[in-house]
Every structure is written in structure tokens, then in C-alpha cells.
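Subject: Handover of a structure and summary of findings

Dear colleague,

Please find below the structure that I am handing over to you.

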Amino acid sequence: MEYVEPVVEAQALTKVYQRRQIALNNVTMTVPRGCVLGLLGPNGAGKTTFLRIILGLQRPSSGTIKVFGSKMGPNNSAARRRIGYIPTHAEFPHGMTPLEYLDYCGKLFGLRGVVRKSRCAQMLRAVGLQDAAGMSMTGFSSGMAARLSVAASLINEPELLIWDEPTHGLDPEARRSMLELIKQLSSEKTLIVSSHNLSDIDEVCSHAAVLSRGNLLFHGDLADMKGSGGGCFSFELELDCDVKTTSRTAQALRDQKICNSIDSQQRRITVHLPDDQPNTLVLAQVFQSLSDLKVNVVDVRGMGQGTEAAFLDLVEKEESNGLVSLYRNAA
Amino acid sequence: MASSASIATPPSRWLPLWSILEMDLKQTVKGWLYRMSLLVVLIISVGVLLNRAAVHREAGVVQYASVHVGDFLHYTVIFGAALSALFTAGAIAGERGNLIDNTLCRGVGRWHFFVGKLASRSVAVLGGFLLVGFIFMVASVFILKSDLDFDHCMVALVLVGSILWLMISATMAVSASVNNTLLCLGIVLFALYGLMALLWLVPMGNFTLIRFLNTLPMIIRSTDANSPPGTYVLPMLPYLKLAGYIALTGCGCAAVGMWYFMRKDV
């Protein structure tokens with residue numbers, strides 16, 4: 001089988017700020033080509049530090065980082081030309097228009113005039129800022145700024161996208177289109193997405209890495225993480241009936257004791273599945289009961305509770321288990 | 001198979017450098033601080049020239065252009081150096097945070113960024129100084145009693161320009177090393193005026209800053225029939241050499257700053 005080199009290889013990465021704060025502690029992980037990695041962790045976990053080290057904006061205190069097979073550092077501009085980055089709070093130079101800004105970004109990547117102009121137009125159209133191309137960016141809303149950041153991160157047609165909290169501060173519509181964009185891009189690019197929003201990660205990511213206080217708690221397939229956490233799955237079902245029938249249906253399901261618990265709200269019920277049985281089996285039973293009750297389902301949505309439970313479980317374990325995990329790792 | 005060999009070669013090596021230079025130059029020249037400073041220097045220069053012209057023409061007291069151009073260069077060294085530091089201090093230190101990330105994550109090398117910024121600030125400051133200096137010299141020739149020599153004036157401009165370049169490059173080196181514009185400015189101004197005070201207080205053979213600055217009118221003077229009696233034309237080569245050494249020291253400062261910046265977290 002042909003060996004496919006990982007896009008990012010971090011080996012025993014440690015970052016200490018001014019001999020005071022440990023931002024990353026012995027982090028070893030790889031990001032395979034074509035995956036969408038969700039970087040999870042509470043505030044101050046070291047997510048942004050890790051992303052900045054991948055970009056070569058910061059150097060690790062110890063350990064090595066390789067991006068596209070070459071050692072990443074402040075002067076590896078060749079590898080950076082293959083990366084598209086969006087920081088959490090994008091800041092733009094003063095007095096520029098979106099078109100000028102994208103042209104500037106294109107120049108920074110060394111794109112020649114003809115290619116650059118066509119890409120700028122293409123990107124502005126793709127993110128829906130064509131009409132605002134000549135406007136000053138000073139009065140831009142956070143949604144418009146986010147769309148411009150997306151355009152800037154794609155102008156060089158990168159192979160690796162690093163987006164630091166891309167849905168931060170966006171309204172629901174903008175958030176939805178951002179997630180759809182990530183799904184589209186995931187077919188051809190490798191993405192590393194950092195987010196606090198676990199349902200976003202659940203929706204778009206294939207892999208996950210969990211950081212807490214600089215320690216890497218988990219790295220691997222998102223499904224494996226849910227399994228490792230032992231958390232239960234939850235689904236929200238929107239029913240095609242009135243509120244009264246919804247409560248009656250919920251009560252009927254509760255009586256059958258198929259699920260751990262069932263909540264109902266308006267015309268939606270949320271089923272929390274037990275973790276000791278295959279969830280497909282339990283869901284089949286739920287749907288059978290709904291069919292028996294002659295209730296139609298309009299929409300089914302995974303609640304991401306599995307990810308959330310797994311994430312919280314990992315963080316809690318780490319907090320209560322510092323010394324134990326240290327000795328386990330040493331062994 | 002993907003490998004390091006497949007890393008895309010840059011379509012243009014110098015375009016990132018040029019774009020940083022162009023962008024920074026635009027922002028500096030559009031900035032209120034730069035425009036205001038240039039305007040104030042121009043107003044003061046015009047005011048001084050008109051005053052001297054009045055004394056020369058109305059009161060009949062002969063005013064030699066070399067003396068006033070020398071004074072202009074003298075004050076350019078003293079205050080222009082501080083202004084150069086003011087214009088340069090924020091170049092890198094002022095952009096720490098998301099703004100610098102936004103540029104450095106785009107596939108530019110640290111040296112592109114440093115050299116682009118240095119070149120832009122040098123063009124802005126030295127361009128402004130040379131423009132005002134040249135206007136002042138030409139105006140002095142026509143308004144006051146001309147005793148200027150064109151070649152010698154150019155040597156004086158180069159000499160003062162090299163001092164300003166030293167200030168710009170030293171400030172840029174400090175700006176690349178610290179995280180705060182005010183801290184950078186504080187360090188540079190403290191060093192600048194501390195050095196000036198030291199040069200003034202400590203006798204260093206024949207060389208002191210004041211003595212050097214006092215020779216400026218002599219550098220730019222010609223030896224035609226209209227020159228004041230006892231005029232001695234200084235040889236220009238030592239001054240050109242001095243300018244060269246100062247410029248080289250500036251290059252050294254810039255190299256040290258860039259070396260540090262290329263190894264530093266941003």
C-alpha cells in the first residue's frame with residue numbers, strides 16, 4: 001500500500017511562554033491528508049498556540065513540527081504558501097477595500113498579476129462580497145469580515161486550511177454557510193478547525209484532537225472519541241403532529257423504556273439512547289413505536305451529545321488524574 | 001506520493017517584498033503623523049527663510065545661504081533623528097497580534113517583512129528629508145546670498161541622510177525585538193539623546209557632535225569671489241567616508257535586527 005505522508009507531524013511538541021506558562025506539553029500527533037481535524041479544548045488549552053506553531057509564527061520550546069514533510073519554522077515560507085489561515089479575530093489593514101486586501105494577499109503569496117486579478121474576482125464572488133468589493137472595510141460586520149477572511153485564506157488555493165474558530169461571532173445563517181463551506185472544502189483539502197462549539201465539530205469533522213492545559217488528551221477518529229468517552233447518543237426528532245400529540249408520544253415512548261430518557265418540547269422530542277445497546281437497534285425500536293402510534297417524522301438531527309459527553313469526560317479525567325496520567329505515559 | 005519536493009515554487013520571489021513595501025509606504029505616507037510632521041517642518045523652514053530674506057533684503061544684513069542651510073541640516077540631525085525614530089518605532093512592534101499574523105501567515109519570509117518595512121520607512125523618512133532639504137537649499141540660493149556649492153551640498157545631504165538611515169535601521173532593529181511601540185520609542189530616544197549628551201560631555205579628541213554639526217556650513221560652502229573672507233574649503237572625501245561608515249553601521253544594525261526577528265515568535 002502506498003505511503004501517504006501526513007500533512008502535519010508534531011513530535012513531542014512543547015511550548016513554554018517566558019518560563020512561566022506551559023502552553024503545550026509534549027504533544028505528539030499527525031494530521032493525515034484529506035481529513036478534517038477538529039481541535040477541541042477549553043480556553044487556554046493551547047489550541048491557538050498549536051495552530052501558530054504549525055504556521056511557523058511561533059517556534060516550539062522543544063520537539064519538532066513538520067508540515068508537508070518539511071520542518072516548519074519562521075522562515076519556511078514555501079510550506080506556508082500551501083496553507084490558508086484564518087485567525088480567531090481577523091484584523092485588516094486600515095483604509096483598504098476587500099479587493100485591495102485580496103490583491104495584497106495574492107501578492108504576498110507571490111501570485112502574478114493575471115492569476116491574482118482573476119482569483120480575487122472569483123473569491124469575492126464565491127463569498128458574496130462582489131457588491132462590497134470597492135467599499136471600505138472599516139464598517140464591515142463580523143459576518144462580512146469572516147467571509148473576507150475565508151476568501152483571503154483560499155486565494156492561494158491551499159492544500160491545508162487552518163481555521164481558528166471560524167464560526168466565532170457569526171449569526172446562525174452565516175454559521176450555517178460556514179459549516180457548509182467546510183463540508184464542501186473537505187472533499188479536496190485537509191482542514192484543521194478549532195472551535196468551542198462541539199456541535200460544529202460533530203457536524204463537519206472526521207477527526208478530533210482534544211487539548212486541555214497544553215496536554216493532548218485524545219487524537220484520532222471522531223467516532224473513536226465518542227466511543228472512548230462512553231457518552232450516550234442523543235437525537236432530536238421533529239414530529240408532524242400538534243404539541244399535545246407530541247407529549248402523548250413522548251410519554252408512550254417513556255413507558256416502553258426503550259431509551260434512557262425522553263424530553264419533549266413543542267413538536268420535537270429528544271431521545272437519549274442507552275450506551276449498552278447498539279444505537280441503530282434502539283433507534284429502530286423508536287421509529288417502530290412512532291410508526292405504531294401513527295406519527296410521522298419531519299426531521300432527525302444528531303445532537304452531538306456524544307461528542308460533548310466524550311469531551312467533558314476526557315477533560316474531567318485529565319483534571320482529576322494529572323499524576324496518574326503522567327506515570328501511565330511514562331510507563 | 002507527497003513529499004517536500006512537491007512544495008510549490010513561488011511564482012515571484014520579489015513580489016511579497018514589493019507588496020509589503022508598497023503597502024507600508026502607502027499607510028505611512030497617508031498617516032496623519034507623517035503628513036503633520038512634514039507640514040510643520042515645511043512651515044518652519046519657509047518661516048525661517050522668509051525671516052532671513054527680510055533681514056537680508058530689507059535690513060541689508062547679508063545672510064549667507066550656507067549658514068542657514070547648515071542650520072537646517074544641524075537641526076535635522078537633532079530633531080530629525082527623533083522624528084525618524086517616531087516614524088519607525090511602530091513598524092513591527094505596533095503590528096504585533098493579529099495584524100502581523102495576517103501578513104506572516106501568507107507565505108512571506110520574515111526577511112521579506114523586515115526588509116519591506118525597513119525600505120518603506122527609509123523611503124518615507126529619507127524621501128521627506130531630501131525633498132524638504134532640497135527645496136530649502138534651492139530656495140536659499142534664490143532668496144539669500146548664495147555661497148553654496150552643489151556637489152558639496154549633495155555630500156552634506158548624504159551625510160545627514162546616512163545619520164537618519166542609522167536611526168531608522170537601529171529603530172527598526174529595536175522594533176523587531178520588542179512587543180510594544182512605546183517601549184521601542186523609549187529605548188531608542190533614551191539611547192539617542194544619551195549618546196548625544198555623552199558626546200557633548202566627553203571630550204573625544206577633536207571630535208564632538210557639536211563640532212561636527214558646526215562644520216556643516218563649511219562643508220556646503222563654495223570658494224567663489226562672493227565667499228566670506230577666510231573661507232576654507234574642506235576636502236569632501238573624509239565626509240563621504242564618514243557617511244559610508246555611518247551607513248554601514250546602519251546596515252549592521254538592520255542585519256542584527258533581522259537576524260533576531262527571523263528567530264523570534266511573533
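Two strands are taken to pair if DSSP finds at least two bridges between them. Please note also that this is a predicted model.

Strands β12 (residues 261-265) and β13 (residues 268-272) of chain A are joined by five bridges and run antiparallel. Within this pair, Ser261(A) stands opposite His272(A) of β13(A). The two strands form a hairpin with two residues between them, and Gln266(A), in the turn, has a positive phi of about 50 degrees.

Confidence and overall layout

Chain A has a mean pLDDT of 85, and 92% of its residues reach 70 or more. Confidence in this chain is lowest in helix α12 (residues 322-330), where the mean is 53. It is highest in strand β4 (residues 62-67) of chain A, at 94.

The secondary structure of chain A comes to twelve helices and 14 strands. Its C-alpha trace spans about 65 × 60 × 45 Å along the principal axes. Of the 331 residues in chain A, 43% are buried. Among contacts in chain A with a separation of 6 or more, 69% are between residues 24 or more positions apart.

The six-stranded sheet

Chain A contains an open sheet of six strands in the order β6-β7-β8-β3-β9-β10, with mixed pairing. Its edge strands are β6 (83-86) and β10 (215-221) of chain A, each of which pairs on one side only. From one strand to the next, the twist averages 10 degrees.

Strand β6(A) runs parallel to β7 (residues 160-164) of chain A, and four bridges join the two. Ile86(A) has Trp163(A) in β7(A) as its bridge partner. Helix α1 (residues 47-55) of chain A lies across β3 (36-40), β6, β7, β8 (190-194) and β9 (207-212) of chain A. The helix runs at about 150 degrees to β7(A).

Gly38(A) is placed in strand β3 of chain A. Is Gly38(A) buried or exposed? A residue is buried if 20 or more other C-beta atoms lie within 10 Å of its own; Gly38(A) has 27 such neighbours inside 10 Å and therefore counts as buried. Apart from neighbours within four places in sequence, Gly38(A) is in contact with Val193(A), Ser195(A), Ile201(A), Cys205(A), His207(A), Ala208(A) and Leu222(A). The C-alpha atoms of Gly38(A) and Val210(A) are separated by 8.3 Å, although the two residues are 172 residues apart along the chain.

Nonpolar cores

The largest nonpolar core has 139 residues. Those with the most contacts inside it are Ile54(A), Ala151(A), Ile162(A), Ala208(A), Ala209(A), Ala156(B) and Leu164(B). Helix α6 (residues 150-177) of chain B gives the most to this core, with 17 residues.

Ala209(A), one of the residues with the most contacts inside the largest core, touches Met29(A), Leu37(A), Leu39(A), Leu40(A), Leu216(A), Phe218(A) and His219(A), not counting residues up to four places away in sequence.

The contact between the chains

The contact takes 37 residues from chain A and 32 residues from chain B. On the side of chain A that touches chain B, the elements that give two or more residues are α2 (77-80) and α3 (98-108) of chain A. The residues of this side divide into 17 nonpolar, ten polar and ten charged.

Helix α3(A) packs against helix α1 (residues 15-30) of chain B at an angle of about 140 degrees, with the axes 7 Å apart. Tyr104(A), Lys107(A) and Leu108(A) of α3(A) make this contact with Leu15(B), Pro16(B), Ser19(B) and Met23(B) of α1(B). These residues divide into five nonpolar, one polar and one charged.

Two loop residues with positive phi

Gln18(A) is not a glycine, yet has a positive phi of about 45 degrees. It lies in the loop between β1 (8-17) and β2 (21-31) of chain A. Gln18(A) counts as exposed because it has 5 C-beta neighbours inside 10 Å.

Glu165(A), also a residue other than glycine, has a positive phi near 50 degrees. This residue is found in the loop between β7 and α6 (172-185) of chain A. Glu165(A) is buried, with 20 other C-beta atoms within 10 Å.

Yours sincerely

Methods. Residues numbered from 1 in each chain as written. Chains lettered and ligands numbered in written order. Predicted model: local features only at pLDDT ≥ 70, side-chain atom pairs only at ≥ 80, totals over all residues. pLDDT = per-residue confidence, 0-100. Core = buried A, V, L, I, M, F, W, Y, C linked by C-beta atoms within 7 Å. Buried ≥ 20, exposed ≤ 12 C-beta atoms within 10 Å, placed from the backbone. Contact = placed C-beta atoms within 7 Å. Nonpolar A, V, L, I, M, F, W, Y, C, P; charged D, E, K, R; others polar. Axes fitted to C-alpha atoms, helices over the stretch in contact; angles between N-to-C directions.
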